[in-house]
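Me: I want to know what stands behind the words used for this model. Take me through the terms one by one.

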Amino acid sequence: MINLAQKLTEQEYEKNFAELHPPFSKNSAVAEANRCLYCYDSPCTKACPTHIDIPGFIKKIASENLKGSAKTILEANWVALTCAKACPVDVLCEGACVFIEKNEKPIEIGRLQRFVIENYFHAGMPKLFSAKPRNGKSVGIIGSGPAGLACSGELALLGFDVTIYEAKEIPGGLNTWGIAPYKVRQADSLKEVKLVESYGVKIKTKIRIGKEISFEELSSKHDAIFIGIGLGESFDLKVEGENLKGVIGALEFIEEVKAEKWSKVNVGKRVAVIGAGNTSIDAATEAKRLGAEHVMIIYRRSRSEMPAYEFEFQLAQKDGVTFHFQTNPVRVIGSNSVEGIECVKMQLAELDERGRRRPKPIPGSEFKIPVDMVIKAIGQQTNTDLLGSIPNLKIENGMIVVDPETYQTGNPKVFAGGDCINGGKEVVNAAYDGKRAAHGIYKYLFGK
Ligand code: SF4
(Lines give C-alpha, C1' and ligand atoms only; values in the text may rest on other atoms or scores of the structure.)
Protein backbone atom coordinates (compact mmCIF):
# COMPACT_ATOMS: atom_id res chain seq x y z
CA MET A 1 0.00 0.00 0.00
CA ILE A 2 1.39 3.41 -0.89
CA ASN A 3 -0.28 5.60 1.75
CA LEU A 4 -0.76 3.81 5.02
CA ALA A 5 -2.91 5.39 7.71
CA GLN A 6 -0.95 6.43 10.74
CA LYS A 7 -0.91 3.84 13.51
CA LEU A 8 -2.78 4.74 16.70
CA THR A 9 -1.77 4.27 20.31
CA GLU A 10 -2.96 1.14 22.14
CA GLN A 11 -5.31 3.33 24.18
CA GLU A 12 -6.81 4.78 21.01
CA TYR A 13 -7.36 1.31 19.53
CA GLU A 14 -8.98 0.12 22.77
CA LYS A 15 -11.25 3.16 22.80
CA ASN A 16 -12.19 2.77 19.12
CA PHE A 17 -12.98 -0.93 19.49
CA ALA A 18 -14.70 -0.66 22.87
CA GLU A 19 -18.12 -2.30 23.03
CA LEU A 20 -20.94 -0.29 21.51
CA HIS A 21 -23.43 -1.00 24.28
CA PRO A 22 -22.56 -1.09 27.99
CA PRO A 23 -23.77 -4.05 30.06
CA PHE A 24 -26.64 -3.76 32.56
CA SER A 25 -25.84 -3.56 36.26
CA LYS A 26 -27.88 -5.98 38.40
CA ASN A 27 -30.22 -3.24 39.59
CA SER A 28 -30.83 -1.86 36.11
CA ALA A 29 -31.41 -5.37 34.72
CA VAL A 30 -34.01 -6.12 37.41
CA ALA A 31 -35.67 -2.73 36.81
CA GLU A 32 -35.81 -3.39 33.06
CA ALA A 33 -37.15 -6.91 33.66
CA ASN A 34 -39.91 -5.46 35.81
CA ARG A 35 -41.03 -3.29 32.90
CA CYS A 36 -41.88 -6.41 30.83
CA LEU A 37 -45.60 -7.19 30.54
CA TYR A 38 -44.96 -10.96 30.21
CA CYS A 39 -47.33 -11.04 27.26
CA TYR A 40 -49.35 -14.21 26.95
CA ASP A 41 -48.71 -14.58 23.22
CA SER A 42 -45.19 -13.04 23.44
CA PRO A 43 -44.60 -11.66 19.93
CA CYS A 44 -40.93 -11.23 20.89
CA THR A 45 -40.55 -15.01 21.21
CA LYS A 46 -42.20 -15.54 17.84
CA ALA A 47 -39.81 -13.03 16.26
CA CYS A 48 -36.71 -14.77 17.64
CA PRO A 49 -35.50 -17.41 15.14
CA THR A 50 -34.56 -19.71 18.07
CA HIS A 51 -37.89 -18.99 19.82
CA ILE A 52 -36.36 -18.39 23.24
CA ASP A 53 -39.08 -18.09 25.90
CA ILE A 54 -38.36 -14.38 26.32
CA PRO A 55 -40.98 -13.47 28.96
CA GLY A 56 -39.93 -16.65 30.79
CA PHE A 57 -36.27 -15.69 31.05
CA ILE A 58 -37.09 -12.05 31.83
CA LYS A 59 -39.44 -13.06 34.65
CA LYS A 60 -36.64 -15.09 36.23
CA ILE A 61 -34.39 -12.01 36.16
CA ALA A 62 -37.09 -10.09 38.02
CA SER A 63 -37.21 -12.83 40.68
CA GLU A 64 -33.38 -12.94 40.70
CA ASN A 65 -33.28 -16.57 39.55
CA LEU A 66 -30.39 -16.00 37.15
CA LYS A 67 -29.41 -19.67 36.83
CA GLY A 68 -32.96 -20.56 35.84
CA SER A 69 -32.98 -17.67 33.39
CA ALA A 70 -29.73 -18.89 31.80
CA LYS A 71 -31.26 -22.36 31.45
CA THR A 72 -34.32 -20.96 29.67
CA ILE A 73 -32.08 -19.10 27.23
CA LEU A 74 -29.47 -21.79 26.61
CA GLU A 75 -31.97 -24.60 26.09
CA ALA A 76 -33.07 -22.66 22.99
CA ASN A 77 -29.76 -21.21 21.87
CA TRP A 78 -26.21 -22.53 22.42
CA VAL A 79 -24.58 -19.27 21.28
CA ALA A 80 -26.76 -16.93 23.29
CA LEU A 81 -23.96 -14.56 24.31
CA THR A 82 -22.94 -13.84 20.74
CA CYS A 83 -26.59 -13.45 19.76
CA ALA A 84 -27.26 -11.11 22.70
CA LYS A 85 -24.48 -8.85 21.46
CA ALA A 86 -24.67 -9.25 17.68
CA CYS A 87 -28.32 -9.95 16.83
CA PRO A 88 -30.15 -7.19 14.93
CA VAL A 89 -32.66 -6.99 17.81
CA ASP A 90 -34.37 -3.95 16.24
CA VAL A 91 -35.69 -6.16 13.46
CA LEU A 92 -36.13 -9.33 15.54
CA CYS A 93 -37.30 -9.65 19.19
CA GLU A 94 -37.21 -5.99 20.24
CA GLY A 95 -38.77 -4.96 16.94
CA ALA A 96 -41.79 -7.13 17.84
CA CYS A 97 -42.14 -5.94 21.47
CA VAL A 98 -45.64 -4.62 22.23
CA PHE A 99 -44.19 -1.39 23.63
CA ILE A 100 -43.40 -0.33 20.05
CA GLU A 101 -47.14 -0.21 19.27
CA LYS A 102 -47.58 2.09 22.25
CA ASN A 103 -44.79 4.33 20.91
CA GLU A 104 -42.68 3.44 23.92
CA LYS A 105 -39.16 2.06 24.20
CA PRO A 106 -39.19 -1.74 23.72
CA ILE A 107 -37.81 -3.98 26.45
CA GLU A 108 -34.04 -4.25 25.98
CA ILE A 109 -34.15 -8.00 25.41
CA GLY A 110 -30.63 -8.26 23.96
CA ARG A 111 -29.02 -6.50 26.90
CA LEU A 112 -31.04 -8.55 29.39
CA GLN A 113 -29.98 -11.78 27.68
CA ARG A 114 -26.38 -10.57 27.76
CA PHE A 115 -26.69 -9.80 31.49
CA VAL A 116 -27.91 -13.33 32.21
CA ILE A 117 -25.37 -15.17 30.07
CA GLU A 118 -22.39 -13.08 31.18
CA ASN A 119 -23.45 -13.76 34.76
CA TYR A 120 -23.68 -17.48 33.93
CA PHE A 121 -20.14 -17.61 32.52
CA HIS A 122 -18.88 -15.47 35.39
CA ALA A 123 -20.39 -18.00 37.81
CA GLY A 124 -18.18 -20.70 36.24
CA MET A 125 -20.70 -22.19 33.79
CA PRO A 126 -22.61 -24.45 36.25
CA LYS A 127 -24.16 -27.57 34.66
CA LEU A 128 -27.70 -26.82 33.48
CA PHE A 129 -28.58 -29.90 31.46
CA SER A 130 -28.26 -33.67 31.89
CA ALA A 131 -27.19 -35.54 28.78
CA LYS A 132 -29.03 -38.74 27.82
CA PRO A 133 -27.00 -41.96 28.25
CA ARG A 134 -24.46 -42.59 25.45
CA ASN A 135 -26.27 -44.02 22.45
CA GLY A 136 -23.26 -45.61 20.72
CA LYS A 137 -23.38 -43.39 17.63
CA SER A 138 -20.90 -40.76 16.59
CA VAL A 139 -21.27 -37.61 14.52
CA GLY A 140 -18.56 -35.59 12.77
CA ILE A 141 -19.20 -31.85 12.55
CA ILE A 142 -17.38 -29.85 9.87
CA GLY A 143 -16.89 -26.31 11.12
CA SER A 144 -17.06 -24.84 14.63
CA GLY A 145 -19.14 -21.75 13.84
CA PRO A 146 -22.58 -21.14 15.38
CA ALA A 147 -24.33 -23.88 13.39
CA GLY A 148 -21.64 -26.46 14.21
CA LEU A 149 -21.55 -25.52 17.90
CA ALA A 150 -25.34 -25.61 18.25
CA CYS A 151 -25.57 -28.96 16.46
CA SER A 152 -22.76 -30.50 18.52
CA GLY A 153 -24.07 -29.26 21.87
CA GLU A 154 -27.54 -30.60 21.12
CA LEU A 155 -26.16 -33.94 19.86
CA ALA A 156 -24.08 -34.30 23.03
CA LEU A 157 -27.25 -33.90 25.11
CA LEU A 158 -28.93 -36.55 22.95
CA GLY A 159 -26.17 -39.02 23.87
CA PHE A 160 -23.95 -38.85 20.77
CA ASP A 161 -20.18 -38.94 20.64
CA VAL A 162 -19.39 -35.69 18.80
CA THR A 163 -16.19 -34.43 17.17
CA ILE A 164 -15.89 -31.04 15.52
CA TYR A 165 -13.30 -30.63 12.74
CA GLU A 166 -12.16 -27.03 12.44
CA ALA A 167 -9.76 -25.71 9.79
CA LYS A 168 -8.48 -22.78 11.83
CA GLU A 169 -6.27 -22.88 14.90
CA ILE A 170 -8.84 -21.06 17.06
CA PRO A 171 -12.42 -22.41 16.92
CA GLY A 172 -15.70 -20.49 16.86
CA GLY A 173 -16.04 -19.78 13.12
CA LEU A 174 -17.86 -16.56 12.28
CA ASN A 175 -18.39 -15.71 15.97
CA THR A 176 -14.64 -15.80 16.55
CA TRP A 177 -13.47 -14.42 13.21
CA GLY A 178 -16.23 -12.51 11.47
CA ILE A 179 -18.07 -10.14 13.83
CA ALA A 180 -16.78 -6.63 14.50
CA PRO A 181 -14.88 -6.56 17.83
CA TYR A 182 -16.95 -3.64 19.15
CA LYS A 183 -19.92 -6.05 19.01
CA VAL A 184 -18.40 -9.40 20.04
CA ARG A 185 -14.87 -10.15 21.25
CA GLN A 186 -13.07 -13.43 20.53
CA ALA A 187 -13.14 -14.18 24.27
CA ASP A 188 -16.98 -14.17 24.19
CA SER A 189 -17.07 -16.64 21.34
CA LEU A 190 -14.54 -18.92 23.04
CA LYS A 191 -16.75 -19.12 26.14
CA GLU A 192 -19.45 -20.64 23.94
CA VAL A 193 -16.91 -23.10 22.55
CA LYS A 194 -16.05 -24.09 26.14
CA LEU A 195 -19.74 -24.51 26.90
CA VAL A 196 -20.25 -27.24 24.28
CA GLU A 197 -16.93 -28.83 25.25
CA SER A 198 -18.20 -29.04 28.84
CA TYR A 199 -20.86 -31.48 27.55
CA GLY A 200 -18.17 -33.78 26.06
CA VAL A 201 -17.85 -32.39 22.51
CA LYS A 202 -14.31 -32.85 21.14
CA ILE A 203 -12.80 -30.21 18.87
CA LYS A 204 -9.93 -30.94 16.48
CA THR A 205 -8.44 -27.74 15.10
CA LYS A 206 -6.22 -27.19 12.04
CA ILE A 207 -8.03 -30.02 10.24
CA ARG A 208 -9.17 -29.17 6.73
CA ILE A 209 -11.43 -31.70 5.10
CA GLY A 210 -9.82 -32.70 1.80
CA LYS A 211 -6.33 -31.83 3.12
CA GLU A 212 -5.53 -33.35 6.52
CA ILE A 213 -8.39 -35.84 6.17
CA SER A 214 -10.52 -36.79 3.17
CA PHE A 215 -14.29 -36.60 3.32
CA GLU A 216 -14.37 -40.36 2.63
CA GLU A 217 -12.24 -41.10 5.68
CA LEU A 218 -14.27 -38.74 7.83
CA SER A 219 -17.47 -40.37 6.66
CA SER A 220 -16.14 -43.84 7.50
CA LYS A 221 -15.39 -42.73 11.09
CA HIS A 222 -18.87 -41.39 11.87
CA ASP A 223 -22.51 -42.46 11.62
CA ALA A 224 -23.56 -39.02 10.37
CA ILE A 225 -21.91 -35.77 9.28
CA PHE A 226 -23.07 -32.20 9.78
CA ILE A 227 -21.72 -29.43 7.54
CA GLY A 228 -21.59 -25.99 9.10
CA ILE A 229 -18.85 -24.37 7.06
CA GLY A 230 -20.47 -21.01 6.36
CA LEU A 231 -19.38 -19.35 3.15
CA GLY A 232 -15.99 -19.05 1.47
CA GLU A 233 -13.88 -16.17 0.19
CA SER A 234 -15.23 -12.76 -0.86
CA PHE A 235 -16.49 -12.50 -4.45
CA ASP A 236 -14.12 -10.89 -6.93
CA LEU A 237 -15.08 -7.53 -8.43
CA LYS A 238 -14.14 -8.83 -11.88
CA VAL A 239 -12.53 -5.53 -12.88
CA GLU A 240 -9.06 -4.61 -14.12
CA GLY A 241 -6.54 -3.92 -11.35
CA GLU A 242 -8.16 -6.25 -8.85
CA ASN A 243 -4.83 -7.98 -8.12
CA LEU A 244 -3.01 -4.80 -7.12
CA LYS A 245 -1.54 -4.58 -3.62
CA GLY A 246 -4.10 -2.99 -1.34
CA VAL A 247 -7.16 -4.86 -2.71
CA ILE A 248 -8.49 -7.22 -0.04
CA GLY A 249 -11.67 -9.22 0.64
CA ALA A 250 -13.89 -7.92 3.46
CA LEU A 251 -13.85 -11.24 5.31
CA GLU A 252 -10.08 -11.48 5.15
CA PHE A 253 -9.79 -7.88 6.43
CA ILE A 254 -12.30 -8.42 9.25
CA GLU A 255 -10.42 -11.60 10.28
CA GLU A 256 -7.21 -9.60 10.64
CA VAL A 257 -9.01 -7.07 12.82
CA LYS A 258 -10.61 -9.84 14.92
CA ALA A 259 -7.19 -11.12 15.97
CA GLU A 260 -7.18 -7.93 18.11
CA LYS A 261 -3.55 -7.08 17.23
CA TRP A 262 -4.72 -3.79 15.83
CA SER A 263 -1.34 -2.09 15.45
CA LYS A 264 -0.32 -4.91 13.08
CA VAL A 265 -3.24 -4.38 10.68
CA ASN A 266 -2.35 -2.12 7.77
CA VAL A 267 -5.07 0.15 6.50
CA GLY A 268 -4.89 2.80 3.78
CA LYS A 269 -5.36 6.50 4.42
CA ARG A 270 -8.24 6.49 1.93
CA VAL A 271 -10.33 3.34 1.72
CA ALA A 272 -13.10 2.34 -0.70
CA VAL A 273 -15.42 -0.47 0.39
CA ILE A 274 -17.39 -1.97 -2.49
CA GLY A 275 -20.90 -3.17 -1.55
CA ALA A 276 -23.43 -2.02 1.04
CA GLY A 277 -24.39 -5.05 3.12
CA ASN A 278 -23.83 -5.47 6.85
CA THR A 279 -20.36 -6.93 6.21
CA SER A 280 -19.45 -3.84 4.15
CA ILE A 281 -20.48 -1.63 7.07
CA ASP A 282 -18.37 -3.71 9.48
CA ALA A 283 -15.34 -3.42 7.17
CA ALA A 284 -15.84 0.32 6.66
CA THR A 285 -16.29 1.18 10.34
CA GLU A 286 -13.35 -1.06 11.29
CA ALA A 287 -11.11 0.69 8.71
CA LYS A 288 -12.16 4.04 10.18
CA ARG A 289 -11.53 2.88 13.74
CA LEU A 290 -8.06 1.63 12.72
CA GLY A 291 -7.18 5.17 11.70
CA ALA A 292 -8.14 5.52 8.00
CA GLU A 293 -8.76 9.20 7.24
CA HIS A 294 -11.43 8.75 4.57
CA VAL A 295 -13.60 5.67 4.15
CA MET A 296 -16.30 5.49 1.51
CA ILE A 297 -18.85 2.84 0.62
CA ILE A 298 -19.52 2.44 -3.09
CA TYR A 299 -22.84 0.82 -3.97
CA ARG A 300 -24.42 0.35 -7.35
CA ARG A 301 -28.04 0.80 -6.24
CA SER A 302 -29.72 3.51 -4.14
CA ARG A 303 -29.90 3.87 -0.37
CA SER A 304 -33.40 2.39 -0.24
CA GLU A 305 -32.10 -0.82 -1.82
CA MET A 306 -28.97 -1.25 0.28
CA PRO A 307 -29.01 -4.58 2.13
CA ALA A 308 -27.47 -3.20 5.36
CA TYR A 309 -29.80 -2.60 8.30
CA GLU A 310 -30.73 1.01 9.04
CA PHE A 311 -28.92 0.97 12.41
CA GLU A 312 -25.75 -0.28 10.67
CA PHE A 313 -26.05 2.52 8.11
CA GLN A 314 -26.39 5.05 10.91
CA LEU A 315 -23.40 3.59 12.75
CA ALA A 316 -21.25 3.99 9.63
CA GLN A 317 -22.45 7.57 9.18
CA LYS A 318 -21.67 8.31 12.82
CA ASP A 319 -18.14 6.96 12.23
CA GLY A 320 -17.74 9.40 9.34
CA VAL A 321 -18.04 6.85 6.50
CA THR A 322 -19.34 8.46 3.29
CA PHE A 323 -21.60 6.79 0.74
CA HIS A 324 -21.50 6.83 -3.07
CA PHE A 325 -24.85 5.42 -4.15
CA GLN A 326 -25.66 4.38 -7.74
CA THR A 327 -21.96 4.06 -8.40
CA ASN A 328 -20.04 1.02 -9.58
CA PRO A 329 -16.30 0.37 -9.88
CA VAL A 330 -15.01 -0.31 -13.41
CA ARG A 331 -11.26 -0.37 -12.74
CA VAL A 332 -8.80 -0.28 -9.86
CA ILE A 333 -6.01 2.12 -10.79
CA GLY A 334 -2.31 1.72 -9.91
CA SER A 335 0.99 0.38 -11.19
CA ASN A 336 1.84 -1.95 -8.31
CA SER A 337 -0.38 -0.81 -5.42
CA VAL A 338 -3.83 0.76 -5.41
CA GLU A 339 -3.73 4.46 -6.28
CA GLY A 340 -7.36 5.05 -7.13
CA ILE A 341 -10.58 3.59 -8.40
CA GLU A 342 -12.50 4.45 -11.53
CA CYS A 343 -16.26 4.30 -11.18
CA VAL A 344 -19.30 4.84 -13.34
CA LYS A 345 -22.63 6.33 -12.26
CA MET A 346 -25.58 3.96 -12.45
CA GLN A 347 -29.24 4.45 -13.31
CA LEU A 348 -31.91 2.13 -11.99
CA ALA A 349 -34.04 0.48 -14.64
CA GLU A 350 -36.65 -2.30 -14.67
CA LEU A 351 -37.19 -4.70 -11.73
CA ASP A 352 -35.05 -7.85 -11.60
CA GLU A 353 -36.25 -11.34 -10.58
CA ARG A 354 -35.89 -10.36 -6.86
CA GLY A 355 -38.01 -7.23 -7.30
CA ARG A 356 -35.10 -4.78 -7.11
CA ARG A 357 -34.45 -2.18 -9.79
CA ARG A 358 -31.68 -3.31 -12.13
CA PRO A 359 -28.68 -0.94 -12.14
CA LYS A 360 -27.30 0.11 -15.54
CA PRO A 361 -24.17 2.20 -16.21
CA ILE A 362 -24.72 5.75 -17.52
CA PRO A 363 -22.41 6.03 -20.55
CA GLY A 364 -19.80 8.77 -20.25
CA SER A 365 -20.31 9.23 -16.49
CA GLU A 366 -16.98 7.62 -15.50
CA PHE A 367 -14.94 9.38 -12.81
CA LYS A 368 -11.88 8.61 -10.69
CA ILE A 369 -11.47 8.68 -6.92
CA PRO A 370 -7.98 8.57 -5.37
CA VAL A 371 -7.84 5.74 -2.80
CA ASP A 372 -5.09 3.63 -1.21
CA MET A 373 -7.07 0.52 -0.38
CA VAL A 374 -10.08 -1.31 -1.83
CA ILE A 375 -12.13 -3.73 0.27
CA LYS A 376 -14.34 -6.16 -1.68
CA ALA A 377 -17.63 -6.70 0.15
CA ILE A 378 -20.09 -7.81 -2.53
CA GLY A 379 -20.78 -11.22 -1.01
CA GLN A 380 -19.03 -14.51 -0.47
CA GLN A 381 -18.47 -17.57 -2.60
CA THR A 382 -19.40 -21.15 -1.77
CA ASN A 383 -16.60 -23.44 -0.62
CA THR A 384 -16.79 -25.45 -3.83
CA ASP A 385 -13.64 -27.54 -3.17
CA LEU A 386 -15.08 -29.18 -0.08
CA LEU A 387 -18.68 -29.42 -1.25
CA GLY A 388 -17.56 -30.89 -4.58
CA SER A 389 -15.87 -33.76 -2.72
CA ILE A 390 -19.09 -34.87 -0.98
CA PRO A 391 -21.16 -37.30 -3.05
CA ASN A 392 -24.82 -36.59 -3.85
CA LEU A 393 -24.98 -33.08 -2.37
CA LYS A 394 -27.45 -30.91 -4.25
CA ILE A 395 -26.26 -27.31 -4.64
CA GLU A 396 -28.56 -24.54 -5.88
CA ASN A 397 -27.43 -20.90 -6.28
CA GLY A 398 -24.30 -21.77 -4.33
CA MET A 399 -26.25 -23.15 -1.33
CA ILE A 400 -26.62 -26.73 -0.12
CA VAL A 401 -30.20 -27.93 -0.52
CA VAL A 402 -31.60 -29.52 2.65
CA ASP A 403 -34.91 -30.91 3.84
CA PRO A 404 -36.47 -27.95 5.73
CA GLU A 405 -37.56 -30.17 8.64
CA THR A 406 -34.59 -32.49 9.15
CA TYR A 407 -31.76 -30.53 7.47
CA GLN A 408 -30.78 -33.72 5.65
CA THR A 409 -28.98 -33.15 2.34
CA GLY A 410 -29.22 -35.19 -0.87
CA ASN A 411 -26.72 -37.54 0.79
CA PRO A 412 -28.78 -39.23 3.56
CA LYS A 413 -25.83 -39.44 5.95
CA VAL A 414 -24.99 -35.75 5.57
CA PHE A 415 -26.82 -32.81 7.19
CA ALA A 416 -26.12 -29.09 6.89
CA GLY A 417 -27.10 -25.74 8.38
CA GLY A 418 -26.18 -22.07 8.68
CA ASP A 419 -24.83 -19.80 5.97
CA CYS A 420 -23.94 -22.71 3.65
CA ILE A 421 -27.68 -23.48 3.30
CA ASN A 422 -29.10 -19.93 3.45
CA GLY A 423 -26.44 -17.88 1.64
CA GLY A 424 -25.64 -15.75 4.70
CA LYS A 425 -28.18 -14.89 7.40
CA GLU A 426 -27.76 -14.07 11.09
CA VAL A 427 -25.84 -16.04 13.72
CA VAL A 428 -29.16 -16.76 15.40
CA ASN A 429 -30.46 -18.48 12.23
CA ALA A 430 -27.37 -20.68 12.15
CA ALA A 431 -27.85 -21.54 15.84
CA TYR A 432 -31.43 -22.63 15.14
CA ASP A 433 -30.41 -24.67 12.08
CA GLY A 434 -27.71 -26.50 14.02
CA LYS A 435 -30.07 -27.41 16.84
CA ARG A 436 -32.81 -28.61 14.49
CA ALA A 437 -30.30 -30.60 12.43
CA ALA A 438 -29.20 -32.44 15.58
CA HIS A 439 -32.78 -33.71 15.97
CA GLY A 440 -32.83 -34.54 12.24
CA ILE A 441 -29.72 -36.68 12.75
CA TYR A 442 -31.32 -38.38 15.76
CA LYS A 443 -34.38 -39.21 13.66
CA TYR A 444 -32.21 -40.53 10.81
CA LEU A 445 -30.24 -42.85 13.09
CA PHE A 446 -33.00 -43.90 15.50
CA GLY A 447 -36.13 -43.45 13.40
CA LYS A 448 -37.92 -41.12 15.83
S1 SF4 B 1 -43.38 -8.34 23.76
FE2 SF4 B 1 -42.14 -6.95 25.09
S3 SF4 B 1 -43.42 -6.68 26.91
FE4 SF4 B 1 -44.26 -8.47 25.82
S5 SF4 B 1 -43.21 -10.29 26.72
FE6 SF4 B 1 -41.99 -9.63 24.96
S7 SF4 B 1 -40.44 -8.26 25.84
FE8 SF4 B 1 -42.07 -8.42 27.39
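Me: Start with strand 4. What is the bridge partner of Ile142 there?

Reply: Ile227 is the bridge partner of Ile142 in strand 4. A word on the source: this is a predicted model, where local features need pLDDT of at least 70, side-chain atom pairs count only at pLDDT 80 or more, and totals for chains, interfaces and linings use all residues. Residues are numbered from 1 along each chain as its sequence is written, and side-chain values use heavy atoms, with hydrogens and water left out.

Me: What makes strand 1 and strand 4 a pair?

Reply: Two strands pair if DSSP finds at least two bridges between them. Strand 1 and strand 4 are joined by 4 bridges and run parallel. So they pair. Strands (E, at least two residues) and helices (H or I, at least four) are DSSP runs, numbered from the N terminus.

Me: How do you know that strand 4 also pairs with strand 16?

Reply: 3 bridges join strand 4 to strand 16, and these run parallel. Ile227 stands opposite Ala416 in strand 16.

Me: Which way do the side chains of strand 4 point?

Reply: Ala224 and Phe226 point one way, Ile225 and Ile227 the other way. All are buried (under 20% relative accessible area; exposed is over 50%, partly exposed in between, with a 1.4 Å probe and protein chains only). In a regular strand the side chains alternate between the two faces of the sheet.

Me: Why is Asp188 called buried?

Reply: Its relative accessible area is 7%. The cut-off is under 20%, so Asp188 counts as buried. Asp188 lies in helix 12 (residues 186-197). Contact means heavy atoms within 4.5 Å. Asp188 touches Leu81 and Lys85, not counting residues up to four places away in sequence.

Me: Why is helix 5 called roughly perpendicular to helix 9?

Reply: The axes of helix 5 (residues 66-74) and helix 9 (residues 109-122) come within 9 Å and cross at roughly 110 degrees. Axes are lines fitted to C-alpha atoms, for helices over the stretch in contact, and angles run from 0 to 180 degrees between N-to-C directions. Angles of 65 to 115 degrees count as roughly perpendicular, under 35 as roughly parallel, over 145 as roughly antiparallel and the rest as oblique. So helix 5 is roughly perpendicular to helix 9.

Me: What makes helix 15 roughly parallel to helix 16?

Reply: Helix 15 (residues 278-289) and helix 16 (residues 310-318) have axes that come within 10 Å and cross at roughly 20 degrees. That value is under 35, so helix 15 is roughly parallel to helix 16.

Me: Which residues of helix 15 and helix 16 meet?

Reply: Asn278, Ile281, Asp282, Thr285 and Arg289 in helix 15 meet Glu312, Phe313, Leu315 and Ala316 in helix 16.
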